[in-house]
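Subject: Structure handover

Hello,

Here is the structure for you to look through. My notes on it follow below.

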Amino acid sequence: MAFNFGGAATNPASLAAPGFGTTTTAAAPAGFGGFGTTTTGGLFGNTQNKGFGFSSGLGTGTTAAAGFGTGLGTTLGGGFGGFNIQPQQQQQGSFFGQQAPAQSNQLVHTANALSAPTLLGDERDAILAKWNQLQAFWGTGKGYFNNQLPPVDFTQENPFCRFKAVGYSCIPGSKDEDGLVVLAFNKKEADVRSQQQQLVESLHKVLGGNQTLTVNVEGVKALPDDQTEVVIYVVERSPNGTSKRIPATTLYSYVEQANTKAQLTQLAVFMSVTRTELSPAQLKQLLANAPAGVDPIIWEQAKVDNPDADKLIPVPMVGFKELLRRLKIQDQMTKQHQSRVDIISNDISELQKNQATTVAKIAQYKRKLMDLSHRVLQVLIKQEIQRKSGYAIQVDEEHLRVQLDTIQCELNAPTQFKGRLNELMSQIRMQNHFGAVRSEERYSVDGDLLREIRQHLKQQQEGLSQLISVIKDDVEDIKLIEHGLLDRLG
């Protein structure tokens, strides 16, 4: 995360780390200079196209999915019917059209409030300009500059606000066909997991209760402030047995309806977003121009400093509240990563134990195999003796007997293998004996540990000395008090 607090102004709403989640907040008309009417925060990591403003903020409009409103579950190709969502008319964006003059006037009024207010007509206007500058830098208050015009509202979205930074968020990787929609619950993760089956049934009822639809939970993840992220998708089955996931944009459009949203609110859902990837054109358009209030130089530098341009995207963060939220999310992710590392560590320990057990069993089976091989060899020897009983010794058997006698003589020779083995056994017994004696008589302590022990004992001694001094002083004071009391009584 690259923080630039106190530097060039950045945008108000933030696209916080998609890896951490998303938050949808309404932006001011001047927000992000093209990021759209809504932006996404960092609670859910993946953002919808609307969140980045490509559907409404950039003038491309918002349209519902085709075929959305006929009969839910009738055909796979006929769309997502039954939700009774009427297609919305495409709204031609006025972000660069009608809003441009308003934004221009807003900037002129802001500049007048900061540099040349004419409210009082005397030297007090200079003091007022400095006060307006302080409010603009802080991102709060109203800037009065003219008796004939309303004051300028200074928010953290204004380009002069100093409390801004640039961070990086993960680029969503899911496709619209995956149908992933994120629901944020005001419940703890443990409560959501314990009631997951009831939650699925409730969501199925909210979606109309159609038997051709199945609600599935892709994942559950804890969020800061005792909130939980639940990723769902809906599968539609056709009469011929085939099935298909409902597109994410289609499902999200239904979830955002007023009546559906009210029912979800009763289930403690406070936010819903889609998890769809950005097209190359959308990503290029998002990075082309710096958000409103962000210095283009800082924006370009943020793009250059991007540690992984294929997976991360620079996003502005405005205000300490946004920074605190980002830190909470990162802390939550750190805890989740640590929890996963602990699980992996436990799995590795268990695998190591299983490996040690397996190695011991393999050694045991090897010994057993050797014993069985010897027994089989003995049986074969006895069987061969019985089979050859009454026959004269053959030539090859005589050669084998001579070779065995030669090997036996070499093994029994004092300077050969048997003598060396006896000598090695003697040395091993002596080393074991002397090692046991040394372990009983000698002790060794590491040098660093000795220094720590000395330091600890020294501190203990100093503490005792100080305690004795305090006790002596207290005894003297008590004696003094006793003498004073005796003098008064006498």
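A residue counts as buried under 20% relative accessible area, as exposed over 50%, and as partly exposed in between. Keep in mind that this is a predicted model.

By that definition glutamate 476 is partly exposed, because its relative accessible area is 49%. Glutamate 476 belongs to helix 13, which covers residues 447-489. Together with Asp473, Asp474 and Asp477, Glu476 forms a negative surface patch.

Next, the aromatic rings. A pair of aromatic rings is described by two things, the distance of the centres and the angle of the planes. There are 2 aromatic pairs in the structure. One of them joins tryptophan 138 and phenylalanine 163: the ring centres are 4.8 Å apart and the planes stand at 85°, so the pair is edge-to-face. This pair links distant parts of the chain, 25 residues apart. Tryptophan 138 is in helix 3 (residues 124-138), while phenylalanine 163 is in the loop between strand 4 (152-153) and strand 5 (164-170).

Is phenylalanine 163 buried or exposed? Its relative accessible area is 18%, so phenylalanine 163 is buried. Phenylalanine 163 also pairs with phenylalanine 320, at 4.9 Å from centre to centre and with 50° between the planes, an arrangement that is tilted.

The last item is the backbone. Most residues other than glycine have a negative phi. Aspartate 225 is not a glycine, yet its phi is positive, at about 60°. Its place is the loop between strand 7 (213-223) and strand 8 (227-237). With a relative accessible area of 54%, aspartate 225 is exposed.

Alanine 268 is not a glycine either, and it has a positive phi of about 75°. This residue sits in the loop between helix 7 (258-266) and strand 10 (269-274). Which class does alanine 268 fall into at 19% relative accessibility? Alanine 268 counts as buried, because 19% is under the 20% cut-off.

Regards

Definitions and conventions:
Residues are numbered from 1 along each chain as its sequence is written. This is a predicted model: local features need pLDDT of at least 70, side-chain atom pairs count only at pLDDT 80 or more; totals for chains, interfaces and linings use all residues. Side-chain values use heavy atoms; hydrogens and water are left out. Patches are made of residues with over 30% relative accessible area and no salt bridge: like charges are joined within 9 Å, nonpolar side chains (Val, Leu, Ile, Met, Phe, Trp, Tyr) within 5 Å. Accessible areas come from the Shrake-Rupley method with a 1.4 Å probe; for residues, only the protein chains shown count as cover. A salt bridge is a side-chain nitrogen of Lys or Arg within 4 Å of a carboxyl oxygen of Asp or Glu. Lys and Arg count as positive and Asp and Glu as negative; His and the chain ends are not counted. The place of a charge is taken as NZ of Lys, CZ of Arg, CG of Asp or CD of Glu. Helices (H or I, at least four residues) and strands (E, at least two) are DSSP runs, numbered from the N terminus. Buried means under 20% relative accessible area, exposed over 50%, partly exposed in between (1.4 Å probe, protein chains only). Rings of Phe, Tyr and Trp (its six-membered ring) pair if their centres lie within 6.5 Å; planes under 30 degrees apart count as stacked, over 60 as edge-to-face and the rest as tilted.
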